[in-house]
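Let's take a walk through this one together. Have the sequence and the 3D view open, and we'll stop at a few places along the way.

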Amino acid sequence: MLLKDYETGDFFDEMFTADGNVRPHYRRVAEEFGDITREEYRNKQAAVELSFMRGGVTFTVYNDSQGTERIFPFDCVPRVIPVEEWEVLEKGLIQRITALNLFLHDIYHEQKILKDKVIPAHYVLSAKHFRREFMNFSVPKNIYAHICGTDLIRDKGGSYLVLEDNLRCPSGASYMLENRSALKRAFPDIFSAGVRPVEGYPQALLKGMQHVAPANFAGDDHPNVVLLTPGVYNSAYFEHAFLARQMGIPIVEGRDLVVRDFKVYMRTTAGLVRVDVIYRRIDDDFIDPSVFRPDSILGVPGLVNAARAGNVCLANSIGTGVADDKVMYYFVPKIIKYYLGEDPILNNVDTFLASEASDKSYILDNLAKLVVKSANEAGGYGMLMGPWAAQEEIEEFRKNIIANPRNFIAQPPISLSRHPTWCEEGFEGRHIDLRPYILYGEKITVTPGGLTRVALRKGSLVVNSSQGGGSKDTWVLHNKA
Amino acid sequence: MGDDLNPAQLSTSEQLSGLRLRVRHLTHFAYEGNAWDSYNDVRLCPISDPLQRCEEFNLRVSPDVPINTYHDFFMNRVDHFELSAEHPTLEVESNAIVETRVDPRGPVCYDFPMDGLNDPTVDENYFDFLTESHYVTLEADIWREGIDLFPNGVQDIWKDTVRAALHVNRNFKYETSSTNVSTRISDVLRDRKGVCQDFAHLTLALCRSQGIPARYVSGYFFNADRKPGEIEASHAWIEVFLPHFGWKGIDPTHAREADTRYIKLAVGRDYADIRPINGTYRGKGTRRMTVEAEIRLVNPPPGAGV
């Protein structure tokens, strides 16, 4: 089925209106893919995949016996966001990250939001990633989440909704960049549509890191920034290496760093070199065995106290994971209202908390109609899709929810928007989401575009790369269509 | 519930006046071979609050290294130091002078029904002391013990905490060296014996399993009747949260309220939060640790009022 026979079905389609017309901002894309033949498309696709494989643009699937390194499936039809929609998204994301940052500062200092009973204290204190060790810790320029990836979806009416916030170590920015360069190689002509560049991301990220360096930084002209990775076995190692290379900074593992007199040094062939800022891609739990998990061999002993002494800055900061907790997500609209006095520009998906008595009975009575999520899992793990789940799976979740209600939330299933995607014989609609990347440096900026993930399995709503998802290049146009 | 757990049997405030005490606490580590890259958090500075005031505190680390001080989540003072060079031994010595005071709130003579915890003016931060923590695990066997102890549920927060402490004191044997720092609560329940740390953890678990917020206290007990040569050491007890009254200390090991003979160093959910010396080092896995603690009465400073 080629584009002319494409069916939108009973969903919001990004490219076509309900009566089958191409939306104006997709005009250039429709011209290009409208009369492409199967053979032409397959040739282009094969070339793109080969270049990903050769370039090592891969990721790792844990617990899978069939080889762990694979390429992230890429679909050549770009997702296009018109400029007027983007401006709203940008404002909404900046508002959200501003409020979450104030929230993090507050709960690790005065805890006003708890004292004013806007959020019941026990939800924060019971959050898995609430770091007591981090209390009264001052972070440079009061920035906690330097990099944030917020997942957005669109419902049946086409409204954007926030699905979750990722304030720990959001990944995927390298795919945003690689997807763009792959599409430029395969279809150079279609960029005449006027697409805003994403290529500035690594430099913006580096500038953001340099912005939070200690005032008396050790580097000669610029602060010394390094990227701390758990190592080559991590699922996102490609991204770590890619971003370090793009920023022109060293990539290090825990054993390459050492703390002396509350200062962090990198072991080099020319001796120890002071480090000012660490873009860390290791979770809190593993970052410093003298403070967190003592069995961690990935981290750097003494690192947290070096940060406490103000001699090094960690990005993102320690303890930001509390804002990723899906129970905290429920409170984000209140958080925005509390700190900024504004109504949220981007709405949440309706959410029920299993730890509230009335919500709990509703959830348990309607498990087969709801999506249930664990409060602290990511990557599509620990999730029940009620309407599609087997009875045993539902009963399993029922047991778990009753045993530990704090750990679960539920949402009505959202019928995600669809996008024309190449599937074996031609274009079919597949569900997509969007993860824009927000950088908090001197000011907050959102890279125009982001990572559009697509659920390649027919009918599937799960877009996570670990669960059979692929991705698309994401365009924000310069001008109004 | 048997009469032997009548809360009136708790010894209360034998000590009716404040004391001025000097503490010396020396910990010596001897490593097999050398140790290096050692990072340590020390919680040995006495707390200053309405019940005690720390007049003086000195911390000596040998080999001599800089010390970085901060306050943790529970507002305990932490002294952090690192030793990157190789060293065969490590010595940490603290010297403090503490003045303890009679509780200005007076004896606990009110009723504390459980619904007081739901009062909206009560600070909800006690939540941390209601849930499981590293050593205070709430497993089936501790629930069983708690339900047997309180078949009708908790009637009064204070009186029933006292019952829990008396229960532990009467039915568990205090036995030096019967357990170690990694002993789990279920082992203590099975063997029915332990040391002050286990008594405190067990009482905490009994309280928390019944919805009573309670926290762990590490510190010292000044034993005025100490015989020469008798070992002095760190001590552990608990505090229970009484709405609109505050935290109140009770010592299950001695079956008594914490009075002016008790010196508080730190509070936390359990021992894991507030180990007096906590850290990591590189080197061989074996080391020998010796501890000396000494708590002595001292005269008031010259010129001080009565």
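Leaving aside its neighbours within four places in sequence, which residues is A:L183 in contact with? Keep in mind that we're looking at a predicted model. The contacts are A:F74, A:C76, A:P78, A:P188, A:I190, A:F191, A:D473 and A:W475. A:L183 itself belongs to helix α6 of chain A, which covers residues 173-186. Its relative accessibility is 0%, so A:L183 counts as buried. Now find A:V48: it sits 135 residues from A:L183 in sequence, yet the two C-alpha atoms are 7.9 Å apart in space.

Next, a pair of helices. In chain A, α7 (residues 201-211) packs with α8 (residues 237-247), their axes 9 Å apart and at an angle of about 80°. That makes α7(A) and α8(A) roughly perpendicular to each other. Where they meet, α7(A) brings A:Y201, A:P202, A:Q203, A:L205 and A:L206, while α8(A) brings A:L243, A:Q246 and A:M247. Sorted by class, that contact has six nonpolar residues, two polar ones and no charged ones.

Last stop: a sheet. Four strands of chain A form an open sheet in the order β14-β17-β15-β16, with antiparallel pairing. β14 (352-353) and β16 (383-385) stand at the edges with a single partner strand each, so one side of each has no neighbour in the sheet. Strand β15 (residues 371-374) pairs with β16(A) over three bridges, and A:K373 stands opposite A:M383 in β16(A). Helix α13 (residues 391-403) of chain A lies across β15, β16 and β17 (408-411), running at about 135° to β16(A).

Note on methods:
Residues are numbered from 1 along each chain as its sequence is written. Chains are lettered from A and ligands numbered from 1 in the order in which they are written. This is a predicted model: local features need pLDDT of at least 70, side-chain atom pairs count only at pLDDT 80 or more; totals for chains, interfaces and linings use all residues. Side-chain values use heavy atoms; hydrogens and water are left out. Axes are lines fitted to C-alpha atoms, for helices over the stretch in contact, and angles run from 0 to 180 degrees between N-to-C directions. Helices (H or I, at least four residues) and strands (E, at least two) are DSSP runs, numbered from the N terminus. Angles under 35 degrees count as roughly parallel, over 145 as roughly antiparallel, 65 to 115 as roughly perpendicular and the rest as oblique. Contact means heavy atoms within 4.5 Å. Ala, Val, Leu, Ile, Met, Phe, Trp, Tyr, Cys and Pro count as nonpolar, Asp, Glu, Lys and Arg as charged, and the others, Gly among them, as polar. Buried means under 20% relative accessible area, exposed over 50%, partly exposed in between (1.4 Å probe, protein chains only). Two strands pair if DSSP finds at least two bridges between them.
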